[in-house]
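Morning, everyone. Please have the viewer open.

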Amino acid sequence: MPLSVSLSIEGDTTVIELAGELDANTAPDFHQTIEKAAGHGTSTVEIRMAGVGYMASAGLRSLVFAQQKVAAHVTIKVVGAIEPVSRTIRTAGLDRSIVLSDE
């Protein structure tokens, strides 16, 4: 299943909305959007993942890539990830540096 990626600005938050599967084939599209998001200079990058049904290790690498691309003071927030995806993020320990939210 392809990955749909959209980018918008809501106040001081850059919103990236994902839908589909985040794997090695689709991660490059996400990376391009992360690079665009990093240039906006907002204080939060919110990654809405409610529409992501599967995330492979490439998705975890993408989240690490996002951490590396944004400024140190920028909060990265993953919103609405389904349980298997949020569990993968927690198991990898990324929940210590990325905010997970059910919103």
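Let me start with a term: contact means heavy atoms within 4.5 Å. With that, take Thr-13. Leaving aside neighbours within four places in sequence, Thr-13 is in contact with Ser-8, Thr-42, Thr-44 and Glu-46. Thr-13 sits in strand β2. Strands are DSSP runs of E with at least two residues, helices are runs of H or I with at least four, and both are numbered from the N terminus.

A word on the source. This is a predicted model: local features need pLDDT of at least 70, side-chain atom pairs count only at pLDDT 80 or more, and totals for chains, interfaces and linings use all residues. Residues are numbered from 1 along each chain as its sequence is written, and side-chain values use heavy atoms, with hydrogens and water left out.

Is Thr-13 buried or exposed? Buried means under 20% relative accessible area, exposed means over 50%, and partly exposed lies in between, with a 1.4 Å probe and protein chains only. Thr-13 has 19% relative accessibility, so it counts as buried.

Now the sheet. Five strands form an open sheet in the order β1-β2-β3-β4-β5, with mixed pairing. β1 and β5 stand at the edges with a single partner strand each, so one side of each has no neighbour in the sheet. The twist averages 20 degrees from one strand to the next. For angles, axes are lines fitted to C-alpha atoms, for helices over the stretch in contact, and the angles run from 0 to 180 degrees between N-to-C directions. Two strands pair if DSSP finds at least two bridges between them.

Go across the sheet in order. β1, residues 4-10, pairs with β2 in the antiparallel sense over seven bridges. There, Ser-6 has Glu-17 of β2 as its bridge partner. This hairpin has two residues between the strands, and Gly-11 takes a positive phi near 65 degrees.

Next pair. β2 and β3, residues 44-55, run parallel and are joined by nine bridges. Ile-16 has Ile-47 of β3 as its bridge partner. Leu-22 stands opposite Met-55 in β3.

On to β4. β3 and β4 pair in the parallel sense over five bridges. Glu-46 stands opposite Lys-77 in β4. The chain crosses from β3 through α2 to β4, a right-handed β-α-β crossover. Right-handed means that, with the strands pointing away from the viewer, the path from the first strand over the helix to the second runs clockwise. β2, helix α1 (residues 27-38) and β3 also make a right-handed β-α-β unit.

Last pair. Three bridges join β4 to β5, which run parallel. Lys-77 stands opposite Val-99 in β5.

Helices on the sheet, then. α1 touches β1, β2 and β3, and its direction makes about 180 degrees with that of β2. α2 touches β2, β3 and β4, at about 175 degrees to the direction of β3.

What about α3? In helix α3, residues 83-91, the buried residues are Val-85, Ser-86 and Ile-89. They cover an arc of only 95 degrees around the axis, which puts them on the same side of α3. The arc is that of the directions from the helix axis to the C-beta atoms. These buried residues pack against β3, α2 (57-69), β4 (75-79) and β5 (99-101). Just after α3, Gly-93 takes a positive phi of about 85 degrees.

One more pair to look at. Ser-57 lies in α2. At 46% relative accessibility, Ser-57 counts as partly exposed. The C-alpha atoms of Ser-57 and Ala-92 are 35 residues apart along the chain and are separated by 9.6 Å.

Finally, the inside. Why call β2 largely enclosed? Seven of its 10 residues, in the stretch 13-22, are buried, so the rest of the structure largely encloses β2.

A nonpolar core is a set of buried Ala, Val, Leu, Ile, Met, Phe, Trp, Tyr and Cys residues joined through side-chain atoms within 4.5 Å. The largest one has 27 residues, and those with the most contacts inside it are Leu-18, Leu-22, Phe-30, Ile-47, Met-49 and Leu-63. β2, α1, β3, α2, β4 and α3 each supply at least two residues of this core. Leaving aside neighbours within four places in sequence, the contacts of Leu-18 include Val-5, Phe-30, Ile-47, Met-49 and Val-52.
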